[in-house]
Amino acid sequence: MRDSHCGNMFRAVIRLSASGARSLARSRPCYSAPLASRCYSHGKVETDEEFDSRWVTYFSKPDIDAWELRKGMNTLIGYDLVPEPKILDSALRACRRLNDLASAIRILEAVKDKAGPHKDIYPYLIQELKPTLAELGISTPEELGIDKL
């Protein structure tokens, strides 16, 4: 009896991996922190200003915790865009409130990676964020020498 039960489970796993995994990959829902209305083709279209404002508000929550910070950044970096300086400013301030220097540096690394081959984007962002970085005492990956690793 036990062998036939295990066999049925094994067949179910094989069926899921052979056909179901492809459909799961196609039907993956959009991330929800904060709700991503840009992922849908119907309904109200969010303007760039509304998008920026929503993310600034998200990272400006006084009671944001480390998990919410990471979840928000992972969602934001998952979009097909490089975040605006005001969003990054808000995220870096959240890192300071959490006393999480590692996350602040990781945010800068992720943004540099996200900019990809567009070599003028990252220097522009750093230029715009310089006052915030100085105020919060956050060094860039380049200043720390970890960009060469």
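**Exercise 1.** Classify Arg93 by its accessibility, and then describe its pairing with Asp89.

Solution. Arg93 has a relative accessible area of 26% and is therefore partly exposed, given that buried means under 20%, exposed over 50% and partly exposed in between, with a 1.4 Å probe and protein chains only. This is a predicted model, in which local features need pLDDT of at least 70 and side-chain atom pairs count only at pLDDT 80 or more, while totals for chains, interfaces and linings use all residues. Residues are numbered from 1 along each chain as its sequence is written, and side-chain values use heavy atoms, with hydrogens and water left out.

Next, the side chains of Arg93 and Asp89 form a salt bridge at 2.8 Å, N to O (a side-chain nitrogen of Lys or Arg within 4 Å of a carboxyl oxygen of Asp or Glu). Both residues belong to helix H4 (residues 85-97), where they are four residues apart, about one turn of the helix (helices are DSSP runs of H or I, at least four residues, numbered from the N terminus). Asp89, at 19%, is buried. Finally, Asp89, Arg93 and Glu135 are linked in a network of salt bridges.

**Exercise 2.** Determine which parts are tied together by the pair Lys130 and Glu143.

Solution. The two side chains, Lys130 and Glu143, meet in a salt bridge of 2.9 Å, N to O. Lys130 lies in helix H6 (residues 121-136) and Glu143 in helix H7 (residues 141-144), so the pair ties together parts that are 13 residues apart in sequence. Lys130 is partly exposed at 36%, and Glu143 is partly exposed at 48%.

Definitions and conventions. Helix = DSSP H or I, 4+ residues; strand = E, 2+ residues; numbered from the N terminus.
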